[in-house]
Amino acid sequence: MKRTALIVVLLIGLLLAWAARDFPSWGDPDAPASSSPVSSHFIASTGVDTEVPNMVTAVLADYRGFDTMFETVVVFIAGLAVVSILRGGPRRRTRDREFVVDFEPDLIVTNTVRLIVPVIQIFALYVLAHGHVSPGGGFQGGVAMGASFILIALAWDLKTALARFSIDRCFLVAGLGILIYAGIGLFSMILGGEFLDYAHLAKILPVSPEMARYHAMLGVEIGVGFTVTAIMFALYASLSTDGRMRDGL
Amino acid sequence: MGLELYNAMILSLLVVVAALSLAIRDLVVSAMVFGVYSFLMCLLWAEMGAVDVAFTEATVGAGVSTVVLIATIFNLKRKAKD
């Protein structure tokens, strides 16, 4: 059986390698991705329309804002599914564990984490808030923020981390993130535009329509960051405890 | 020339690491090797100028997904049977 699988994998690998010859070479100006009018439109008009230097963020959060909103919803639903499936599952696997959780947190580890967690969280906020200008944004900042809570759980125990960020609060924050995103979209709809058409927010903000799009992008990135932070921690807490939310790693 | 050497090095390392992560029987080591794979992908993205993708790969792929894999292995048998 294993040998058959290996042969199939190798054959498909060869097929893919053979198909990869048709790819345009890297940085080819005649490649479909480079010559398409959509690419040149984004390159030419991102700076004019939104005043955002980082084109990737502008495309993700503004031009394709609808797409990113439902990506956030996908993250939310995935986290919800993992937590609810594991919580409802049968209680049997504990005896399979080969390791016993040491409940005495290590002095050196906890003190290092004490020093490093604020730095990680500040960096996460920077990545989130600076996502227009430099690489980064809601997803990356949110993951870094969630990782800081996971680090607390690893250094002390899960109970310490859950005391700061309980699972119920996780899902509250995650839902709030989506509400922020959709709320900004809905707000621009109320002000006369289409859903997620941020330029119309300029009617109530004391800025130009371009800067309104700039600031609204920050708003939706904050929403994405909320959801991703909460779901990453909820995923870790649920998976490391087999859904019981105690005696975890 | 230097860039091509760098690419060739990373791509060949990627193949080695991908095969290793499947071949290793110890799941914790396998998860760590998978993290190395993600980090190599991150280097490749960064080298191609897709810095946003590289950042996501570094945080999600090399960071959190390795932790989540290890957290899952914590509740399983550490050695793969087959």
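In this predicted model, L196(A) is buried, because 23 other C-beta atoms lie within 10 Å and the cut-off for burial is 20 or more. L196(A) sits in the loop between helix 9 (167–190) and helix 10 (209–240) of chain A. Its phi is near 65°, a positive value in a residue other than glycine. Most residues other than glycine have a negative phi.

E51(A) also has a positive phi, of about 60°, although it is not a glycine. This residue belongs to the loop between helix 3 (37–50) and helix 4 (55–63) of chain A. E51(A) is partly exposed, with 17 other C-beta atoms within 10 Å.

| Residue | Phi | Other C-beta atoms within 10 Å |
|---|---|---|
| L196(A) | near 65° | 23 atoms |
| E51(A) | about 60° | 17 atoms |

Chain B supplies the helix pair. The axes of helix 1 (residues 2–23) and helix 2 (residues 27–48) of chain B come within 9 Å and cross at roughly 160°. Helix 1 of chain B is therefore roughly antiparallel to helix 2 of chain B, since angles over 145 degrees count as such. The crossing of helix 1 and helix 2 of chain B is left-handed.

On the helix 1 side of chain B, the contact residues include Y6(B), I10(B), L14(B) and V17(B). Helix 2 of chain B contributes residues including V33(B), F34(B), Y37(B), L40(B) and E47(B). By class, the residues of this contact divide into 14 nonpolar, three polar and one charged.

Terms used. Residues numbered from 1 in each chain as written. Chains lettered and ligands numbered in written order. Predicted model: local features only at pLDDT ≥ 70, side-chain atom pairs only at ≥ 80, totals over all residues. Axes fitted to C-alpha atoms, helices over the stretch in contact; angles between N-to-C directions. Helix = DSSP H or I, 4+ residues; strand = E, 2+ residues; numbered from the N terminus. Parallel < 35°, antiparallel > 145°, perpendicular 65-115°, else oblique. Left-handed = near helix turned anticlockwise from the far one by under 90°. Contact = placed C-beta atoms within 7 Å. Nonpolar A, V, L, I, M, F, W, Y, C, P; charged D, E, K, R; others polar. Buried ≥ 20, exposed ≤ 12 C-beta atoms within 10 Å, placed from the backbone.
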